[in-house]
Structures are given as C-alpha cells and as structure tokens.
Amino acid sequence: MALGICSTLAVTNRVANGIAMGLAVVFVTVASSVTIALIRKITPRRIRIVIYVTIIATYVMIADRYLKAYRPAISEQMGPYVALIITNCIILGRAESFAAANNPWRAFWDALGMGFGYALSLLIISVVREALGFGTLMGYPIMGRNWTPWVVMSMPPGAFLVLGVFIWTLRSVSKPKA
C-alpha cells in the first residue's frame, strides 16, 4: 500500500490540495473498480492490464477536467500530479486483486474503503504540513503571530518526514500484543 504515496510529496503541503487529491483518488478508484468488475467476465486475460489502465486513465481525465473547470485554483496548484493517479499502484492493485474477481457491489465497497483510507492519510499529512509549514489551516492562521514557519514542511522533504512519523505511529499503535 505504501507504493501509492507519490502524491504525498506533491500535493499535501496544503489541506485543500490534499482533500482534492483524496477525493479524486476516491472517485477514480470507485469508478474504475466498478467498471472493471462489470466487464471482468469478458476481459481477455492477456490484455487485462492494458484495459485496466485505459479505464483508470479515462476516469483520471474526467477528474482532471472537473478540477480544471470547477476548481481552477486547486487544479493550478496540483499541476500535473492529478495525472499521476493513473500510475497509482493502489488503484491498479485493487483492480487486479479485487475488482477483477468480485461483483460490482463488492468492488464498490472495497474501492470506497481503500479510496477513503488513502484520502484520510493525505488529509492527516496535509494538516500537519500546512500547520507547521505555513502556520495556517485551509488558509486561516492558526499558530499565532510569533510562529516561525518550518519551511521544510512546505517542501517534499517535509512530506517524507511527516509520512515516516505517520507510518511509524500507525505501526506502533497496531502492533500485535505479545
């Protein structure tokens, strides 16, 4: 699941960007999983990955066009990173391992859970990075006048740092008890 974190570096320096990317991933994951589940019995095994990537790319283009039309400021900030959803290993992995083997209803719920889990991770990382890197939350000041922004948090290394602490925390909390 950690393979799909590339957008963490790109867009999580602001909460609005993290939310937009998270919702785009939810949309693409759900729509592509349901579509793949619907055509699973007629998809030739030899070319299934090509078909899956084409379906995913179609929904990514829809999400990208939506952002450009209705959220141009966020689209501008996210730049080419929305298109990287196509290569998100989580989406292709869920398509291959779950949607292609299950009915559309089960694929829908699996994709919804995976998509929202990913979106929640982006949101948590975005909140930490924006608060520490800019002293704001959704553009509103939250840290007070004397706050000195941690510039590193607004750059990709800050994403690595927050992501590392986030993964460490999750692993520590979910560690099986002896």
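Reader: Which residues touch the most other members of the largest nonpolar core?

Author: The general idea first: in soluble globular proteins, nonpolar side chains tend to be buried together. A nonpolar core is a set of buried Ala, Val, Leu, Ile, Met, Phe, Trp, Tyr and Cys residues joined through side-chain atoms within 4.5 Å. Buried means under 20% relative accessible area, exposed over 50%, and partly exposed in between, with a 1.4 Å probe and protein chains only. Here the largest nonpolar core has 27 residues, and M21, V25, V28, I36, M78, I85 and I91 touch the most other members. This is a predicted model, in which local features need pLDDT of at least 70, side-chain atom pairs count only at pLDDT 80 or more, and totals for chains, interfaces and linings use all residues. Residues are numbered from 1 along each chain as its sequence is written, and side-chain values use heavy atoms, with hydrogens and water left out.

Reader: What does V28 touch?

Author: Contact means heavy atoms within 4.5 Å. Leaving aside residues up to four places away in sequence, V28 touches S33, I56, Y59, V60, A63, I85 and I91.

Reader: How is the span of helix α3 checked?

Author: The expected span of a helix is 1.5 Å times one less than its number of residues. For the 23 residues of α3 this should give 33 Å, and the end C-alpha atoms are 33 Å apart, which agrees.

Reader: Which residues of α3 are buried, and what covers them?

Author: The buried residues of α3 are R48, Y52, I55, I56, A57, Y59, V60, A63, D64 and L67. Their cover includes α2, α4 and α5.

Reader: How many salt bridges does the structure hold?

Author: A salt bridge is a side-chain nitrogen of Lys or Arg within 4 Å of a carboxyl oxygen of Asp or Glu. The structure holds four. One of them joins R48 and E96, at 3.1 Å from N to O. This pair links distant parts of the chain, with R48 in helix α3 (residues 48-70) and E96 in helix α5 (residues 89-97), 48 residues apart. E96 is partly exposed, at a relative accessible area of 29%.

Reader: Where do D64 and K68 lie?

Author: An α-helix has 3.6 residues a turn, so residues three or four places apart point the same way. D64 and K68 both lie in helix α3, four residues apart, about one turn of the helix. They form a salt bridge whose closest N and O atoms are 3.3 Å apart. D64 counts as buried at 12% relative accessibility, whereas K68 is partly exposed at 46%.

Reader: Which residue meets D110 in a salt bridge?

Author: R94 does, at 2.7 Å from N to O. D110 lies in helix α6 (residues 104-134) and R94 in helix α5, so the pair ties together parts 16 residues apart in sequence. D110 is buried at 15% relative accessibility, and R94 is buried at 16%.

Methods
Helices (H or I, at least four residues) and strands (E, at least two) are DSSP runs, numbered from the N terminus.
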